[in-house]
Amino acid sequence: MNRDDYDVWLEDTYAIDSEGVRSYARATRATHVPYASSRTVPRTTAVPPLIVAQPVFKVAARLMSEVIDDFNVGRLLHVSQTVRQVVPVRIGDIASLGARITDRVTKAGIDLFTVDCVVTVADETRIETSSVVAYAGGEDVPAELIDEASRGVVMHGAVL
């Protein structure tokens with residue numbers, strides 16, 4: 001892993017804490033995490049690698065906003081994601097994120113971006129992801145309708 005290989009590098013940007021793991025487990029109904037019975041999740045609890053999905057999507061959107069004129073988060077659609085856990089993350093880890101756009105294909109007014117990310121702790125690669133995100137940049141749908149709809153779907157304004 002070489003930091004220079006990534007367009008964006010966010011040093012020590014994401015803390016893996018028991019409340020975050022608890023919230024993730026509650027949202028996904030992960031039965032192996034004791035989120036209902038305890039406010040603090042034990043440090044030995046397995047941390048699902050998808051816990052990094054939110055920061056990975058945020059950095060992907062940030063990258064796309066830099067290459068798309070008049071970027072609008074409401075026009076994003078997360079198509080797919082692969083996650084490879086190299087070494088498990090643990091409660092108490094402080095992770096850094098690297099991201100880069102590795103492919104962009106445009107068909108019928110839709111841009112398909114492939115964004116690769118790496119999650120490291122103390123310069124050790126822990127998780128690698130590759131996401132495909134679609135961006136509908138066509139003029140078919142009025143921007144004001146997209147803005148209105150996106151407030152109910154995405155944490156509007158929180159991506160960048």
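In this predicted model, the largest nonpolar core comprises 34 residues, and V21, M64, F71 and L76 are those with the most contacts inside it. Two or more residues of this core are supplied by each of β1 (8-15), α1, α2 (53-67), β3 (94-107), β4 and β5. The largest share, 6 residues, comes from α2.

The surroundings of F71 show how parts of the chain meet in this region. Beyond its neighbours within four places in sequence, F71 is in contact with A61, M64, S65, L76 and Y135. Two of these partners, M64 and L76, are, like F71 itself, among the residues with the most contacts inside the core.

Helix α1 spans residues 18-28, and its buried residues are S18, V21, R22 and A25. Viewed down the helix axis, these buried residues fall within an arc of 100°, so they line one face of α1. In general, an α-helix has 3.6 residues a turn, so residues three or four places apart point the same way. V21, one of the buried residues of α1, is also among the core residues with the most contacts. Just after α1, R29 adopts a positive phi of about 60°.

Strand β5 pairs with both β2 and β4. Strand β2 (residues 76-85) runs antiparallel to β5, and 9 bridges join the two; within this pairing, S80 stands opposite V132. Strands β4 and β5 are likewise antiparallel, with 12 bridges between them, and here V115 stands opposite S131 of β5.

The hairpin of β4 and β5 has 2 residues between its strands. Most residues other than glycine have a negative phi. A122 counts as exposed because its relative accessibility is 74%, where the threshold for exposure is over 50%.

| Residue | Location | Phi |
|---|---|---|
| R29 | just after α1 | about 60° |
| A122 | hairpin of β4 and β5 | near 50° |

Terms used: Residues are numbered from 1 along each chain as its sequence is written. This is a predicted model: local features need pLDDT of at least 70, side-chain atom pairs count only at pLDDT 80 or more; totals for chains, interfaces and linings use all residues. Side-chain values use heavy atoms; hydrogens and water are left out. Buried means under 20% relative accessible area, exposed over 50%, partly exposed in between (1.4 Å probe, protein chains only). Helices (H or I, at least four residues) and strands (E, at least two) are DSSP runs, numbered from the N terminus. The arc is that of the directions from the helix axis to the C-beta atoms. Two strands pair if DSSP finds at least two bridges between them. A nonpolar core is a set of buried Ala, Val, Leu, Ile, Met, Phe, Trp, Tyr and Cys residues joined through side-chain atoms within 4.5 Å. Contact means heavy atoms within 4.5 Å.
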